[in-house]
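This briefing goes through a two-chain model topic by topic, with the prediction's confidence kept in view. Please read it alongside the sequence and the structure shown here.

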Amino acid sequence: MTSQRPAPDSPDEDRFDALLEGAAGASVDADLRALKNLLDSASAPSSPAEQTAGLAAALRAHGEATSRRRAAAAPAKSARRRWGLGTAAALVVLGSSATAAYAGVLPAPLQDLAHATIGAPAADSTSPSTPDPASDRVGGPGATPGQQTGPGATLAPAPETTFPPGNANGLTKPKNTPAPNGNANGVGKPKPTPAPNGNANGVGKPKPTPAPNGNANGVGKPKPTPAPNGNANGLTKPKPTPAPRGNSGGNR
Amino acid sequence: MLGHDFAATLQQASDGSPTAFAALYKDIHPALMRYLYVLAQDQADDVAAEAWLAVVTSLTSFSGTETSFRSWIFTIARNKLIDAQRKASRRPTTPLTDSHDRSVRDGEDASDQVVEALSTEWALALISELPQDQAEAVMLRVVAGLDVGEVAAVMDRSPGAVRVLTHRGLKRLATKLSEENSDEV
């Protein structure tokens with residue numbers, strides 16, 4: 001005698017599953033009809049008041065959360081912008097430095113560094129800031145021996161105003177005065193005065209200034225810098241400097 | 001359910017659109033409130049508010065389908081409810097008002113709506129008499145519209161356990177209803 005025992009609740013489970021899936025429809029059993037009505041009531045469409053209950057507070061929270069997110073994103077964006085500007089500025093500085101290095105206008109130590117690192121011209125061949133002991137200059141630090149002064153000064157020697165032992169250039173057009181040991185051109189109309197060891201042309205009434213193998217002429221405040229073969233130029237009174245072989249002369 | 005509009009609505013809400021967020025809210029909030037009302041009448045409003053606060057905070061981190069979005073929100077609400085019940089057990093309070101909404105829908109006969117609202121309230125009250133895990137399983141299946149697997153994920157149970165809980169709850173409801181009918185007769 002065999003009695004097959006049905007699984008407990010299995011018919012109910014199937015009916016419940018059908019009820020939950022909404023497949024029961026009109027064929028729902030009478031004993032489950034009340035249950036179906038109850039579930040339909042529990043899941044009935046909501047009223048607008050149900051839908052909007054607490055909505056204002058939720059919207060406020062949503063707006064605040066959105067603002068916080070945007071505020072949090074702003075510093076990151078600003079940092080990226082700052083980083084970009086800093087990079088651009090650094091590139092400009094590097095580019096300018098490289099250009100200056102290849103033009104040879106950097107100060108000597110920097111020029112040497114550029115020479116060593118990026119192959120720019122060496123400071124020895126380019127630096128205008130190294131004073132030439134054999135010459136005097138009028139003007140700024142960019143002045144070169146025998147050349148015009150100012151930022152446009154070039155490195156090539158002047159073809160007309162080169163004096164081997166020493167030279168001084170005035171603001172007016174210098175006259176080429178051959179002199180064995182040097183020459184000096186002053187402001188105004190100097191008269192070339194041949195001299196065995198040099199010449200001195202000045203404006204006004206210069207006092208004789210002995211200079212070793214050179215002259216005392218010039219414009220502006222002269223620098224009393226003794227030079228072996230150089231000059232001291234100036235419009236004002238130059239200081240007398242004894243010179244063993246120098247010659248002083250003036251236009252009287 | 002928003003259907004095909006869900007993805008665009010969610011994206012707009014994540015981008016900060018209040019209109020889109022309101023659409024999501026109106027779609028889900030009623031079912032969420034009924035679920036919370038069945039499980040914790042007194043704390044339903046507070047828990048719902050905390051749940052939505054958590055939702056708006058992490059809305060941009062969600063990606064998925066509409067069903068998974070509902071499942072995500074009900075999971076958040078459930079966790080908030082557990083926290084609230086834990087706090088309430090340490091500090092019992094007395095509810096001051098019945099906050100369940102009995103308002104009526106536009107465009108429908110007010111008496112029908114009142115009857116329906118009352119019947120909804122009656123149905124929810126009956127379900128809330130079930131053991132909490134059975135009531136929760138029934139509400140998530142019937143009101144939230146989640147399938148067995150999603151309910152299992154929300155309740156952190158196996159699908160088989162959810163199926164058993166649901167069946168037991170429905171059977172108990174059926175028994176209760178038949179008892180009420182026999183009493184009326």
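In chain A of this predicted model, 39% of the contacts between residues at least 6 apart in sequence join residues that are at least 24 apart. The secondary structure of chain A comes to six helices and zero strands, and 32% of its 252 residues are buried. For the complex, the predictor gives an ipTM of 0.84 and a pTM of 0.56.

**Confidence in chain A**

- The mean pLDDT of chain A is 62, with 42% of the residues scoring at least 70.
- Among the elements of chain A, helix α3 (residues 48-52) has the highest mean pLDDT, at 89, whereas helix α6 (residues 123-126) has the lowest, at 64.
- Where pLDDT is low, the predicted coordinates should not be read in detail.

**Confidence in chain B**

- Chain B has an average pLDDT of 87, and 84% of its residues score at least 70.
- Within chain B, pLDDT stays under 50 over residues 97-102, a stretch for which the model has eight contacts beyond four places in sequence.

**The contact between the chains**

- The contact takes 34 residues from chain A and 42 residues from chain B.
- On the side of chain B that touches chain A, at least two residues are supplied by each of α2, α3 (44-57), α5 (110-127), α6 and α8 (159-184) of chain B.
- The residues on that side of chain B divide into 23 nonpolar, 11 polar and eight charged.

**Helix α1 of chain B**

- Helix α1 of chain B spans residues 6-15, and its buried residues are Thr9(B), Leu10(B) and Ala13(B).
- An α-helix has 3.6 residues a turn, so residues three or four places apart point the same way.
- The cover over the buried residues of α1(B) includes α2 (18-39) and α4 (66-90) of chain B.
- After α1(B) comes Gly16(B), whose phi is positive, near 110°.

**Ile76(B) in helix α4**

- Ile76(B), which lies in helix α4 of chain B, counts as buried because it has 20 C-beta neighbours inside 10 Å, and 20 or more is the cut-off for a buried residue.
- Leaving aside neighbours within four places in sequence, Ile76(B) is in contact with Ala51(B), Ala54(B) and Val55(B).
- Ile76(B) and Val47(B) are 29 residues apart along the chain, and their C-alpha atoms are separated by 9.7 Å.

**Ala137(B) in helix α6**

- Ala137(B) lies in helix α6 of chain B, which covers residues 132-142, and counts as buried because 29 C-beta neighbours fall inside 10 Å.
- Not counting residues up to four places away in sequence, Ala137(B) touches Val151(B), Met155(B), Val162(B), Leu165(B), Thr166(B) and Gly169(B).
- The C-alpha atoms of Ala137(B) and Arg163(B) are separated by 8.2 Å, although these two residues are 26 residues apart along the chain.

How values were computed:
Residues are numbered from 1 along each chain as its sequence is written. Chains are lettered from A and ligands numbered from 1 in the order in which they are written. This is a predicted model: local features need pLDDT of at least 70, side-chain atom pairs count only at pLDDT 80 or more; totals for chains, interfaces and linings use all residues. Helices (H or I, at least four residues) and strands (E, at least two) are DSSP runs, numbered from the N terminus. A residue is buried if 20 or more other C-beta atoms lie within 10 Å of its own, exposed if 12 or fewer, and partly exposed in between; C-beta atoms are placed from the backbone. Two residues are in contact if their C-beta atoms, placed from the backbone, lie within 7 Å. Ala, Val, Leu, Ile, Met, Phe, Trp, Tyr, Cys and Pro count as nonpolar, Asp, Glu, Lys and Arg as charged, and the others, Gly among them, as polar. pLDDT is the predictor's confidence in each residue, from 0 to 100.
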